[in-house]
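Me: I want to learn how to read side-chain features in a model. Please start with ring pairs.

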Amino acid sequence: MAAAAAPAVPDQAPKMQAPGQMPFDPSQAPVIEGFTPVTLAKNESFKEKFLRKTKENPFVPIGCAATAGALLYGLRAFHQGKTRQSQLMMRGRIFAQGFTVVAIIVGIFATSLKPKQ
């Protein structure tokens, strides 16, 4: 007894885009099935966001300031002809950059471990 197998026909044919038409509207958020975006209670200004992020992970701005300070001081020493001091400050800059990257990574892990509110 052989059953006649009907060919599988998809419920909907794929939609074809007209030539020259964009596949999505960049001014609108994309619609993703099963995903509901989180709406923020209010829009933050740059200053408010900076202060909030600084409170969450204060070592990143400290590392950025140390990097910038070492760079500026090292460039000034180089301009004055103090090559030894300039080299030391450039090595300090690399250390400060490494500190900043580690602070960012630790901050990401700490944020991911926090319970969501």
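Reply: Start in helix 1, where Phe46 and Phe50 are four residues apart and hence separated by about one helical turn. Helices are DSSP runs of H or I with at least four residues, strands are runs of E with at least two, and both are numbered from the N terminus. The model is predicted, so local features need pLDDT of at least 70 and side-chain atom pairs pLDDT 80 or more, while totals for chains, interfaces and linings use all residues. Residues are numbered from 1 along each chain as its sequence is written, and side-chain values use heavy atoms, without hydrogens and water.

Me: How many aromatic pairs does a search of the whole structure find?

Reply: A pair of aromatic rings is described by the distance of the centres and the angle of the planes. Here the search of the whole structure finds two such pairs. In one, the ring centres of Phe46 and Phe50 are 6.3 Å apart and the planes are at 20°, so this pair is stacked. The rule covers Phe, Tyr and Trp (six-membered ring) with centres within 6.5 Å: under 30 degrees is stacked, over 60 is edge-to-face, the rest tilted.

Me: Which residues form the edge-to-face pair?

Reply: Phe59 and Phe99 form the edge-to-face pair, with 6.3 Å from centre to centre and 90° between the planes. Phe59 lies in helix 2 and Phe99 in helix 3 (residues 83-113), so the pair ties together parts that are 40 residues apart in sequence.

Me: Which residues make the nonpolar surface patch?

Reply: Phe59, Ile62, Phe95 and Phe99 make a nonpolar patch of about 440 Å². Helix 2 and helix 3 are the elements that give two or more residues to the patch. Phe95 has its place in helix 3 and, at 63% relative accessibility, counts as exposed. A patch takes residues with over 30% relative accessible area and no salt bridge, joining nonpolar side chains (Val, Leu, Ile, Met, Phe, Trp, Tyr) within 5 Å and like charges within 9 Å. Areas come from the Shrake-Rupley method with a 1.4 Å probe; for residues, only the protein chains shown count as cover.

Me: How many salt bridges does the structure hold?

Reply: Side chains of opposite charge can pair when their charged atoms come close. The structure holds two salt bridges (a side-chain nitrogen of Lys or Arg within 4 Å of a carboxyl oxygen of Asp or Glu). In one, Glu44 is paired with Arg52, and the closest N and O atoms are 2.8 Å apart. In the other, Arg52 is paired with Glu56, where that distance is 3.2 Å. Arg52 and Glu56 are four residues apart in helix 1, so about one helical turn separates them.

Me: How accessible are Glu44, Arg52 and Glu56?

Reply: Glu44 is partly exposed at 36% relative accessible area. Arg52 is partly exposed at 33%, and Glu56 is partly exposed at 41%.

Me: Where does Asn57 lie, and what is Asn57 in contact with?

Reply: Asn57 sits in the loop between helix 1 (46-56) and helix 2 (59-79). Its relative accessibility is 15%, so Asn57 counts as buried. Leaving aside neighbours within four places in sequence, Asn57 is in contact with Ala103, Ile104 and Gly107 (contact means heavy atoms within 4.5 Å).

Me: What do the totals for the chain look like?

Reply: The chain has three helices and zero strands, in the order α-α-α along the sequence. Of its 117 residues, 10% count as buried. The chain exposes about 11000 Å², and carbon and sulfur atoms supply 67% of that area. Of the contacts between residues at least 6 apart in sequence, 46% join residues at least 24 apart.

Technical notes
Buried means under 20% relative accessible area, exposed over 50%, partly exposed in between (1.4 Å probe, protein chains only).
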